[in-house]
Amino acid sequence: MTSAFQTFELERIMSDWEQVVEYNLSESGAHPVKVRELIAHDPGMLDRMLETELGYGYANGSPELREAIAQYYPGATAENVLVTIGCIEANFITFQTLLQDGGEVAVQVPCYLQSWGLAHNLGAVRRTFSLDPDRGWALDTDSLEAAVSDDTRLISICNPNNPTGQILTESEMDAVVRVAEQSGAYLLSDEIYAGSEREREEVSPSFYGRYERVIAAGSMSKSFGMPGLRIGWLVGPEDLIRQLWMRHEYLTLSTAKLSNHFLAPLALRPDVRKAIFERTRGYIRRGWENYQNWIGDNADILSLVPPQATAVSFVRYNLKTDSATLANRLIQEKSVLIGPGDYFGVPNHLRISYGLPPEYLNEGLRRIAGLLRQVAGEEAAGSENERGAAAG
Ligand SMILES: Cc1ncc(COP(=O)(O)O)c(C=O)c1O
């Protein structure tokens, strides 16, 4: 019998507060694109959209959209693709399909803990493998080997990683494939942040095509800056894609027609995708300059392994207060939202977005530093009082 339902704590705090606070530094994607900006790449599209009947679209994704997705995965065709409502559905139906009667899953930590909660709620046996903070969040291959056995059905990884922003090296990717191959487990690779590279120009490579049981998940939400389209996808072996589609039929049936037939295929057109990724990287690279200075100014409290991709950073802080308490005080006292490290499986860290317009970012950071300094003062005064009491 499964124990109590596990809440998705990160999404809970975001659902409650992201529309309420003055400064939302919890968002992990690039600052959102306007419809006008996207449509400018095909001005005739607006008219075609206005003439469209709002019936159901293709349940598994329009052929045009599935082809547009497949072109970015070596060896894939439209038959290898299922279009879902965001990557959240993509991950959900993969877990549900492969772990519906339990089984073992190996989950990467830190990560977006959807995988962790899903595994628990399906009654699966969870094992974890880690990224090592003391080696710049490099993959701990020993922990991966220890977490995977012949009984493992699924290995769940996120690359580039949310929340650390690290990108696996080629040899780390080889190690993951080797371990997956040895056990015969499926490898679900959440690649939603590919395209948001901060330093390098090439888009982070997919696991797809490196092993026959890879399922690559992606979406328009992060590197494309279009979460409002609610379009995600899975690319995998054809037989598994059909099984995943059967779950999709129960859950969401199909995605929104205007996204599925018009806006997502346009965003995936090679020249448009290139322009959008440049826009995303522009936000990330400009934001990084300010952000780095802010970390430097607060180096007595904060330290950071610079993220290689994503619009977020996973900052370590050296205070005693736990990260969920800090996040709640930031909401209540400063009207700022960030992601507490505890909600990614790692204490004493905060996930803070930096891919934001400069004035907004700077004011949010100023408020965060204000609270951290206040808490540092309170903790120091508390220790002083304890020492006084002990001496008295
Ligand atoms: C790693 C990861 N996967 C999936 C999602 C869900 O994204 P979507 O908006 O595509 O459903 C998120 C959102 O934050 C994420 O960070």
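The questions below concern a predicted model.

Trainee: In what order do the strands of the open sheet with E10, E11, E13 and E14 run?

Mentor: The sheet is open and has four strands, paired in the antiparallel sense. Its edge strands, each pairing on one side only, are E10 (302-304) and E13 (339-340). The order is E10-E11-E14-E13.

Trainee: Which residue of E11 is the bridge partner of Ser-303?

Mentor: E10 pairs with strand E11, residues 312-317, in the antiparallel sense. Three bridges make up that pairing. Within E11, the partner of Ser-303 is Arg-316.

Trainee: What is omega for the peptide bond from Asn-162 to Pro-163?

Mentor: Pro-163 also belongs to the loop between E6 and H8. The peptide bond from Asn-162 to Pro-163 is cis. Its omega is near 25°.

Trainee: Is Leu-168 buried or exposed?

Mentor: Leu-168 is placed in the loop between strand E6 (152-158) and helix H8 (170-183). Not counting residues up to four places away in sequence, Leu-168 touches Leu-139, Ile-157, Asn-159, Met-173, Val-176 and Phe-207. With a relative accessibility of 8% against a limit of under 20%, Leu-168 is buried.

Trainee: How are the axes of H4 and H10 oriented to each other?

Mentor: The axes of helix H4 (residues 63-70) and helix H10 (residues 257-268) come within 9 Å of each other and cross at roughly 20°. Angles under 35 degrees count as roughly parallel. The orientation of H4 to H10 is therefore roughly parallel.

Trainee: How do the residues of the contact of H4 with H10 divide by class?

Mentor: H4 passes H10 in a left-handed crossing. From H4 the contact draws on Glu-64, Leu-65, Ala-68 and Ile-69, and from H10 on Asn-260, His-261, Ala-264, Pro-265 and Leu-268. They divide into six nonpolar, two polar and one charged.

Trainee: What is the handedness of the crossing of H11 and H13?

Mentor: The axes of helix H11 (residues 270-297) and helix H13 (residues 358-391) come within 10 Å and cross at roughly 15°. These two helices are therefore roughly parallel to each other. Their crossing is right-handed.

Trainee: How many charged residues has the contact of H11 with H13?

Mentor: In H11 the residues are Gly-287, Asn-290, Tyr-291, Trp-294 and Asp-297; they meet Pro-358, Leu-361, Asn-362, Leu-365, Arg-366, Ile-368, Ala-369 and Arg-373 in H13. By class, seven of the residues in this contact are nonpolar and three are polar. The number of charged residues is three.

Trainee: Is Ala-147 buried or exposed?

Mentor: Ala-147 is found in helix H7, residues 141-147. Apart from neighbours within four places in sequence, Ala-147 is in contact with Ala-106, Arg-127, Thr-128, Phe-129 and Thr-152. Its relative accessible area is 3%, where burial requires under 20%; Ala-147 is buried.

Trainee: What is the value of phi at Trp-137?

Mentor: Trp-137 lies in the loop between strand E4 (125-132) and strand E5 (138-139). At 4% relative accessibility, Trp-137 counts as buried. Its phi is positive, in a residue other than glycine, and is near 60°.

Trainee: Arg-230 also has a positive phi; into which class of accessibility does Arg-230 fall?

Mentor: Phi of Arg-230 is near 55°, and Arg-230 is found in the loop between strand E8 (214-219) and strand E9 (232-235). Its relative accessible area is 34%, whereas buried means under 20% and exposed over 50%. Arg-230 is therefore partly exposed.

How values were computed: Residues are numbered from 1 along each chain as its sequence is written. This is a predicted model: local features need pLDDT of at least 70, side-chain atom pairs count only at pLDDT 80 or more; totals for chains, interfaces and linings use all residues. Side-chain values use heavy atoms; hydrogens and water are left out. Two strands pair if DSSP finds at least two bridges between them. Axes are lines fitted to C-alpha atoms, for helices over the stretch in contact, and angles run from 0 to 180 degrees between N-to-C directions. Angles under 35 degrees count as roughly parallel, over 145 as roughly antiparallel, 65 to 115 as roughly perpendicular and the rest as oblique. A crossing is left-handed if the near helix is turned anticlockwise from the far one by less than a right angle, and right-handed if clockwise. Contact means heavy atoms within 4.5 Å. Ala, Val, Leu, Ile, Met, Phe, Trp, Tyr, Cys and Pro count as nonpolar, Asp, Glu, Lys and Arg as charged, and the others, Gly among them, as polar. Buried means under 20% relative accessible area, exposed over 50%, partly exposed in between (1.4 Å probe, protein chains only).
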